[in-house]
Amino acid sequence: MKCLVYQDGHREIVKSEKLTPTKNECVFEVKACGICGSDLPRVFNGTSYYYPIVLGHEFAGVVKDSLNSNLIGKRACVFPILPCKKCEFCKKEQWANCVNYDYYGSRRDGGLQSELLINENNLIFIPDNVSYLSASMIEPVAVCLHAVKKAKINKKSKVLVYGAGTIGLLLASWAKALGAKTVEISDPNEERLNFAKTLGFQGYSGGEMDVIFEASGVGVALNDAIINCKPFGEIVLVGHGKKDVNITHQNFALILRKQLKIYGTWNSDFKKKVNDWQESIDAISNGIIEPEKLITHKISLKDGDKAFKIIEEGKEFYNKITVVN
Ligand SMILES: [Zn+2]
Ligand SMILES: [Zn+2]
């Protein structure tokens, strides 16, 4: 078995023992695993819960072995949260707010390996017309759907997204899919903005917007969002950023004066009735959302450290980098 192990920025491939299924867990063969912005501080800044760790929480593959023979050979993606199922939030199926959760790719080893044990409750099966590459992006697609649902987008909505990274582009794709009148993207990086344009989005043309998604996590963008939001408009905060986010006194007053609605969003819903993951799979299967177009790099697992080199060096343009097996 091959896996990428991260320890204080050192990457190596190691071999480990043969896996056998248990009562709840199947042996899952990973076919594609995306690198997420949230993985980077764990590789470069030593912020992981433990080392050595196998990162990767955006992955898809196939059930290789299970005590439930019906599951063997099934293609699936993986909901990465392992909730406690006891706390007040778990009782409402609000798994992302569980007070004592485990997580594939951060609190335990994740998908940047050829195979691992996965709790069978965390499998979400995918139809034949959804590729492994697309399926590895269902996690960010679902996270963005969850964010987009916070606002009330209709066919009159003028939507603006700050940040043309993977999340920004997926937010824009969902806004378009939900029928927004216009969807524009603002990003100071010309290459990123040009990439957004190749996907059919336009740059910010000015004026006040009904709904703004802040997907950069940068204070300047949030201040601009407040200025560019219409009275009674909505701002959804999606980007994490790395530094403190400050709002000027003037712009703080604008939030009040314009009576803006500002929402936070986190992760996705994976409930029996409201399931962002299933909706995302359906949208991908129907060609409404095309996440594969955001994958600029496919890197084989054996060369997996290259994925992080590209990010570390920052010499070449990338959007989503996906490690394939
Ligand atoms: Zn992520
Ligand atoms: Zn819980």
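## Overall architecture

The protein chain contains ten helices and 17 strands; helices (H or I, at least four residues) and strands (E, at least two) are DSSP runs, numbered from the N terminus. The radius of gyration of the protein chain is 20 Å, close to the 20 Å given by the globule rule for 325 residues, so the chain is as compact as a globular protein of that length. This radius is taken over C-alpha atoms, and the rule is 2.2 Å times the number of residues to the power 0.38.

The model is predicted: local features need pLDDT of at least 70, side-chain atom pairs count only at pLDDT 80 or more, and totals for chains, interfaces and linings use all residues. Residues are numbered from 1 along each chain as its sequence is written, while chains are lettered from A and ligands numbered from 1 in the order in which they are written.

## Extent of the chain

Along the principal axes, the C-alpha atoms of the protein chain fill a box of roughly 60 × 45 × 35 Å.

## Helices H4 and H9

The axes of helix H4 (residues 138-148) and helix H9 (residues 276-285) come within 9 Å and cross at roughly 110°. Axes are lines fitted to C-alpha atoms, for helices over the stretch in contact, and angles run from 0 to 180 degrees between N-to-C directions. H4 and H9 are therefore roughly perpendicular to each other, a term for angles of 65 to 115 degrees.

Technical notes
Angles under 35 degrees count as roughly parallel, over 145 as roughly antiparallel, 65 to 115 as roughly perpendicular and the rest as oblique.
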